[in-house]
Amino acid sequence: MRVELDFVAVLSQWPLLVKGVAWTVGLTVISAVIGVVIGIAFAWSRSHGSVWLKAVVGTYVELIRNTPFIVQLFFVYFGLPAAGVKLSPEVASIIAMVINLSAYATEIIRAGIDATPKGQIEAAMSLALNRIQTFIRVVLPPALRKVWPSLVSQIIIVMLGSAVCGQISTAELSYAANLIQSRNFRAFEAYIVATVIYLSLAIAVRQLLNWLGPKFLFGR
C-alpha cells in the first residue's frame, strides 16, 4: 500500500500553527519565571526554614512530583470549579504548569544551595550581611550556576508537557495540530510537523537559556 504524504495541506494552515507556537512559548515563559521564583523561595525554606515550614514544603514537593501532570491539570481546571473557582483554560494551564515546575525546581535549586561551602556563608555573615542578603548575593548565584543545566532541562520538560493542555482546549501547538488533522484528515503529516516544531522549540529554548543564564544571572 502506497502512502502519499501531503504536507501542503498541513502547512497551509500556518496561522493555526503560529498561534499554537505562540501559546506554547507564552505558557512556557510565564510558568518558567513564576515557577523558578517559587522554586527558589521553597528551596530556601527546605534548607533554612523552620521545622513546620520544611514539612509543609516537603509535602507539597512530594505530592506534585509523584502525581501525573495531567491529573494536576484536570484538578485545577475541573476540580476547582467544584469549590467555586472557575478558570479559563489558559489560566488553568499556567497554574498547573507553575505548580509542576516549582516542585521540581525546588529540589533542583536546593541541591545547589546545599552544595554551597559553609565557609562562604560565614564569610558573608562576617561582613555584616543579614540572612536574606547572604542568600541573594552569596548563596543563590553560585547555586544557580551549579544546577542551571538541570533547571533548563526541567523547563523544557514542562514546555513539552504543555501539549497536555490541549486536552482542556488551550490553543497550544498540539491543540492546533489536532484541529488541523480533524479538518483535512492528514493526521500523520500534522503530527510530523508538530514534532519538528516541538524539537526546534526545545533546541532553541535550551540554547537561549544557556546563553541567558551565564550572561545575565551569574554575572559573567
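At 7% relative accessibility, Ile155 counts as buried, where buried stands for under 20% relative accessible area, exposed for over 50%, and partly exposed for anything in between (1.4 Å probe, protein chains only). The model is predicted, so to speak of local features a pLDDT of at least 70 is needed, side-chain atom pairs count only at pLDDT 80 or more, and totals for chains, interfaces and linings use all residues. Residues are numbered from 1 along each chain as its sequence is written, and side-chain values use heavy atoms, with hydrogens and water left out.

Leaving aside neighbours within four places in sequence, Ile155 is in contact with Thr28, Ala32, Val36, Leu101 and Leu209, contact being heavy atoms within 4.5 Å. Ile155 and Ala105 lie 50 residues apart in sequence, yet their C-alpha atoms are 8.8 Å apart in space.

Val139 also has its place in helix 7. With a relative accessibility of 3%, Val139 counts as buried. Beyond its neighbours within four places in sequence, Val139 is in contact with Ile113, Thr116, Ile121 and Thr134. Between Val139 and Ala115 there are 24 residues in sequence and 9.4 Å in space, C-alpha to C-alpha.

Stepping back to the whole chain, the model has 9 helices and 0 strands, and the order from the N terminus on is α-α-α-α-α-α-α-α-α. The C-alpha atoms fill a box of roughly 75 × 45 × 30 Å, taken along the principal axes. Of the 220 residues, 40% count as buried. Among contacts with a separation of 6 or more, 76% come from residues 24 or more positions apart.

The chain carries 17 positive and 9 negative side chains, with the centres of the two sets 10 Å apart. Here Lys and Arg count as positive and Asp and Glu as negative, while His and the chain ends are not counted; the place of a charge is taken as NZ of Lys, CZ of Arg, CG of Asp or CD of Glu.

Helix 4 deserves a look of its own. Its buried residues are Phe69, Gln72, Leu73 and Val76. Seen down the helix axis, these buried residues fall within an arc of 100°, so they line one face of helix 4; the arc is that of the directions from the helix axis to the C-beta atoms. An α-helix has 3.6 residues a turn, so residues three or four places apart point the same way. The cover over the buried residues of helix 4 includes helix 3 (51-65), helix 5 (89-114) and helix 7 (131-161).

Aromatic rings also come together here. The structure holds 3 aromatic pairs, meaning rings of Phe, Tyr and Trp (its six-membered ring) with centres within 6.5 Å; planes under 30 degrees apart count as stacked, over 60 as edge-to-face and the rest as tilted. Phe74 and Phe78 form an edge-to-face pair, 5.3 Å centre to centre with 75° between the planes. Both residues lie in helix 4 (residues 69-79), 4 residues apart, or about one turn of the helix. Phe74 is partly exposed at a relative accessible area of 30%, and Phe78 is partly exposed at 49%. The ring centres of Tyr77 and Phe78 are 4.9 Å apart and their planes stand at 75°, so this pair is edge-to-face. Phe74, Tyr77 and Phe78 form one aromatic cluster.

Most residues other than glycine have a negative phi. Ser169, in the loop between helix 7 and helix 8, has a positive phi of about 75° although it is not a glycine. Ser169 is partly exposed, with a relative accessible area of 42%. Phe185 has a positive phi near 60° and is likewise not a glycine; this residue lies in the loop between helix 8 and helix 9 (187-217). Phe185 is exposed, with a relative accessible area of 69%.

Finally, Gln181 belongs to helix 8 (residues 173-184). Gln181 counts as buried at 18% relative accessibility. Apart from its neighbours within four places in sequence, Gln181 is in contact with Arg186, Ala187, Ala190 and Tyr191.

How values were computed. Helix = DSSP H or I, 4+ residues; strand = E, 2+ residues; numbered from the N terminus.
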